[in-house]
Amino acid sequence: MNFSLNAMKKSYPNTRMRRNRSAKFIRNLVRETSFSIDDLIYPIFILPGKNKEQPINSMPGKSRYSVDVLIKKIEKLHKNGLNAIAIFPVIDSKKKSKDAKEAYNQKGLVQTAVRTIKKEYPNLGIITDVALDPYTLSGHDGLIDKNGYVINDKTVGVLKKQALSHAEAGSDIVAPSDMMDGRVLEIRQALEKNKFYNTKILSYAAKYASNFYGPFRDAIDSRKNLSESSKETYQMDFANITEASLEIKLDINEGADMVIIKPGLPYLDIVSKIKRECSVPVFSYHVSGEYSMIKSAALKKYIDEESSVLEAMYCFKRAGCNAVLTYYTPEIIKWLNKN
Ligand code: PBG
């Protein structure tokens, strides 16, 4: 077929693009991507203590839960197909410190939660976040020097201990979200040395210094610690694209099994590029700010929530994502099961 512009122009009415859109059955047949509950990872905020549920102001409809409440909340979801969760701790301010040593406390909140959840739901995949921001007084993902600069190699030493403590507790996937250099290699070597051959590393390989993380920082209570300080000395500049390829190739070489590109919808050009360049599973994180934007518009009835969220999920799949972390997971499971 001749695809020159001239030939295309002549093709009407031989070609009418609307023919294949004229009825639902044909739209179904020519649909290029699919999306299912299997593609979802539910990020959840956990609290110390018992019988606690605290709504997150900047994320209407979402709460932080103590582990006992969380177990009850996910029972039905898991029965209805929830495949995996990612847990993020809210650490008591008294346990935050300069050296972030609570991060690798074997009796810490995350480690205890993993053991409890695994016992209850052995087939539910658990992803734990490897980063120090819930644990540092500075609110940064790493340890800082006297000028407030995040020190790379010393931080990696702590991240390695943190990842190992997660693996020992039974985490299936450790997910370094800190953007330090060389941490995937150190974590991989520590896991191998300790015989955690099947513990997977999901690297937040291309994580941008984004304004869309705001509500998350409220949720884990790190915003006031971080104050006016930014994460631009370790997270990527949102103006960059080629740099993402190098970040991802380095992390694959260091031993990452999968990578995350983050945030979600505004960064799908990166996903699409990486899917073409690298043979690696790519996940995307539909982050807190993206959740809150859709939610707020839906609450005001500016957009329809269900159809907008499902559309967003197809966009992730179309760009090439294998899976998506989204706070909308419970709602999506409900919507898909209803049909
Ligand atoms: C930090 C971390 C962040 C998110 C996940 N892990 C925030 C940050 O980098 O400040 C954001 C997720 C979201 O906004 O939903 N380790």
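The chain folds into 13 helices and 10 strands, where helices (H or I, at least four residues) and strands (E, at least two) are DSSP runs numbered from the N terminus. Its radius of gyration is 21 Å, close to the 20 Å that the globule rule gives for 339 residues, so the chain is as compact as a globular protein of that length. That radius is taken over C-alpha atoms, and the globule rule is 2.2 Å times the number of residues to the power 0.38. This is a predicted model, in which local features need pLDDT of at least 70 and side-chain atom pairs count only at pLDDT 80 or more, while totals for chains, interfaces and linings use all residues. Residues are numbered from 1 along each chain as its sequence is written, and side-chain values use heavy atoms, with hydrogens and water left out.

**Overall dimensions and burial**

- Along its principal axes, the C-alpha trace spans about 70 × 40 × 40 Å.
- Of the 339 residues in the chain, 53% are buried; buried means under 20% relative accessible area, exposed over 50%, and partly exposed in between (1.4 Å probe, protein chains only).
- Ala 205 lies in strand 7 (residues 200–207) and counts as buried because its relative accessibility is 0%.
- Ala 205 and Lys 195 are 10 residues apart along the chain, and their C-alpha atoms are separated by 24 Å.
- Lys 249 belongs to helix 9 (residues 242–254) and is partly exposed, with a relative accessible area of 38%.

**Surface patches**

- Patches are made of residues with over 30% relative accessible area and no salt bridge; like charges are joined within 9 Å, and nonpolar side chains (Val, Leu, Ile, Met, Phe, Trp, Tyr) within 5 Å.
- Arg 16, Arg 18, Arg 19 and Arg 21 gather in a patch of positive charge on the surface.
- Arg 21 sits in the loop between helix 1 (5–11) and helix 2 (24–30), and its relative accessibility of 51% makes it exposed.
- A nonpolar surface patch is formed by Phe 25, Leu 29 and Val 30, which together have about 330 Å² of accessible area; accessible areas come from the Shrake-Rupley method with a 1.4 Å probe, and for residues only the protein chains shown count as cover.

**Backbone features in loops**

- The peptide bond from Tyr 12 to Pro 13 is cis, with omega near 10°, and Pro 13 is in the loop between helix 1 and helix 2.
- Another cis peptide bond joins Lys 262 and Pro 263, with omega about -5°; Pro 263 lies in the loop between strand 8 (258–262) and helix 10 (268–277).
- Met 179 is a residue other than glycine with a positive phi, near 65°.
- Met 179 is in the loop between strand 6 (173–176) and helix 6 (183–193), and it is buried at 5% relative accessibility.
- Asp 221, also not a glycine, has a positive phi near 65°.
- Asp 221 lies in the loop between helix 7 (214–219) and helix 8 (223–226) and is partly exposed at 31% relative accessibility.

**Salt bridges**

- Side chains of opposite charge can pair when their charged atoms come close.
- A salt bridge is a side-chain nitrogen of Lys or Arg within 4 Å of a carboxyl oxygen of Asp or Glu, and by this rule the count comes to 18.
- Lys 118 forms a salt bridge with Asp 172, the closest N and O atoms being 2.9 Å apart.
- Lys 118 lies in helix 4 (residues 109–120) and Asp 172 in the loop between helix 5 (152–169) and strand 6, so this pair ties together parts that are 54 residues apart in sequence.
- Lys 118 is buried at 18% relative accessibility, whereas Asp 172 is partly exposed at 25%.
- Lys 160 and Glu 186 meet in a salt bridge at 3.5 Å, N to O; this pair links distant parts of the chain, with Lys 160 in helix 5 and Glu 186 in helix 6, 26 residues apart.
- Lys 273 and Glu 277 form a salt bridge at 2.9 Å, N to O, and both lie in helix 10, four residues apart, about one turn of the helix.
- Asp 133, Asp 141 and Lys 231 are linked in a network of salt bridges.

Technical notes:
Lys, Arg positive; Asp, Glu negative; His and termini not counted. Charge placed at Lys NZ, Arg CZ, Asp CG, Glu CD.
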